Amino acid sequence: MQAAELLNRLGVTRERFARGAFEVRSPIDGAVLGFVDHADAAAASAAVAAAHGAFRDWRVVPAPKRGELVRLFGEELRAAKEPLGRLVTLENGKILQEGLGEVQEMIDICDFAVGLSRQLHGLTIASERPGHRMMETWHPAGVCGVISAFNFPVAVWAWNAAIALVCGDPVVWKPSEKTPLTALAAHALLERAMARFGAAPPGLSQVVIGGRVVGELLADDPRVAVLSATGSTRMGREVAPRVAARFGRAILELGGNNAAIVGPSADLDLVERAVLFAAAGTAGQRCTTLRRLLVHESIYEPVVARLVAAYGRIRVGNPLEAATLVGPLIDGRAFEAMQAALAEARAEGGRVHHGERVTVPGAESGFYVRPALVEMPTQTALVWRETFAPVLYALRYRTLDAAIELHNAVPQGLASSIFTNDLREAEIFLSAAGSDCGIVNVNIGPSGAEIGGAFGGEKETGGGRESGSDAWKGYMRRATNTINYSRDLPLAQGIRFGAD
């Protein structure tokens with residue numbers, strides 16, 4: 001099924017994707033999927049103004065009622081899971097199972113947000129003053145801007161939009177320029193839900209396709225109370241100061257350089273399966289992709305041998321075919337970056353296994369590669385950098401302390417894991433003396449997070465949290481309230497003022 005047919009099924013009118021100045025091509029074979037126009041600063045500002053106007057009405061709608069809109073959106077996603085998942089694969093290149101999985105993430109976060117809409121609760125706090133009560137309340141923050149990346153073209157927006165909407169915040173979305181069609185489709189489904197809901201104010205949710213100028217406007221506009229930006233650390237370094245300069249709130253989900261420690265007691269069958277998905281899934285284009293493998297010296301040789309053989313068996317090909325495990329890289333620039341990293345690794349004494357370009361019949365224009373496993377003598381500056389491609393660096397370690405030191409040495413701090421059957425090793429890795437990442441796993445890879453937990457990381461990963469747990473607090477403002485129900489006016493800290 002072609003993109004035009006899928007977009008039509010998903011409710012996107014032909015003029016939205018058939019007439020525009022910018023081509024949208026599929027990484028599968030380079031075919032043109034559609035044409036879009038990019039918004040300028042004036043159009044982006046108008047979108048923010050409309051959202052700001054919607055905020056005045058949406059913030060006073062009871063949260064459970066706001067949750068009803070998100071419930072309807074989840075229904076639309078369930079009905080459209082197959083065509084939207086297929087469109088994700090066509091435009092992004094991830095295998096169809098992962099495209100469908102991305103839509104399931106959207107459904108899951110809607111379910112989570114609907115329940116959350118009845119639980120946006122604060123605390124009751126003991127007051128030191130007699131006849132007084134203290135409590136905290138949570139209120140909508142304002143317009144939420146969302147900047148998303150190509151690798152999860154719709155799920156990350158949904159993480160933000162579902163939570164923001166139940167929290168009372170309108171949403172303005174700038175999708176990746178590489179994946180605008182899936183954004184139009186996902187937003188069309190939300191528009192269907194809003195039509196069924198019947199009480200959504202105009203401007204409540206908008207998608208603004210464009211480049212840097214749109215992102216800059218969202219970062220600079222004081223009407224955007226919360227800006228959630230997903231992308232590279234370089235992007236975060238530009239966005240964060242601009243938002244901070246106007247005292248706005250930024251939720252940053254940036255680069256990752258995720259590692260797994262393989263201890264001497266690890267189940268090697270489990271390690272092999274986990275590493276293959278974590279390192280090769282999505283063609284290595286996840287922020288949570290496994291990029292460093294730290295293996296105990298006593299089992300290093302058999303672990304590497306198993307993985308080299310397994311990498312050789314990976315089916316690389318058209319992501320729409322059921323047997324395929326690894327689809328194409330997003331574009332030629334990603335391929336060039338991967339090959340440059342492999343050349344640098346060889347120059348530093350690394351031993352490179354695989355990593356070559358793969359020719360896929362009928363898709364010769366696509367940039368298909370076999371994932372690479374690179375044995376490195378030490379953790380060099382190359383290993384410290386995130387190369388957004390399927391490159392896994394393997395290193396030896398002797399003691400757990402040394403492994404943790406290697407693990408934490410990189411500037412990023414997103415996801416991590418340890419494979420061990422030693423309870424003491426697992427608990428040390430989970431402790432304050434262990435991993436310094438925002439996601440820390442045992443006997444499971446670093447990728448494939450569930451929506452129930454807060455998603456995000458530390459250091460150059462940005463410190464932001466999205467999705468589950470109490471990440472909703474990032475989309476609201478907190479007020480501490482004191483109520484005096486007595487006839488007296490005692491002051492805090494026992495202060496005496498005047499005749500009293």
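A residue is called buried when its relative accessible area is under 20%, exposed when that area is over 50%, and partly exposed in between, as judged with a 1.4 Å probe and the protein chains only. Helices (H or I, at least four residues) and strands (E, at least two) are DSSP runs, numbered from the N terminus. The structure is a predicted model, in which local features need pLDDT of at least 70 and side-chain atom pairs count only at pLDDT 80 or more, while totals for chains, interfaces and linings use all residues. Residues are numbered from 1 along each chain as its sequence is written, and side-chain values use heavy atoms, with hydrogens and water left out.

**Helix α15**

Helix α15 spans residues 400-408, and its buried residues are L400, A403, I404 and H407. These residues lie on the same side of α15, because they cover an arc of only 95 degrees around the axis, the arc being that of the directions from the helix axis to the C-beta atoms. The exposed residues D401 and E405 sit on the face of α15 that is turned away from its buried side. Contact means heavy atoms within 4.5 Å, and the elements that cover the buried residues of α15 include β10 (258-262), β11 (290-296), β16 (391-397), β18 (415-419) and α16 (423-430).

**Q412 and E458**

Q412 belongs to strand β17 (residues 412-413), whereas E458 belongs to strand β21 (residues 458-459). Leaving aside neighbours within four places in sequence, Q412 is in contact with a set of residues including W384, R385 and E458. With residues up to four places away in sequence not counted, E458 touches Q412, G413, D436, G438, G463 and R465. E458 and C437 are 21 residues apart in sequence, yet their C-alpha atoms are 5.9 Å apart in space.

| Residue | Relative accessible area | Class |
|---|---|---|
| Q412 | 7% | buried |
| E458 | 32% | partly exposed |
| L489 | 67% | exposed |

Two strands pair if DSSP finds at least two bridges between them. An open sheet of three strands runs in the order β3-β4-β23, with antiparallel pairing. Strands β3 (124-125) and β23 (476-484) stand at the edges with a single partner strand each, so one side of each is left without a neighbour in the sheet. The antiparallel pairing of β3 with β4 (residues 132-140) extends over two bridges, and T124 has M135 in β4 as its bridge partner.
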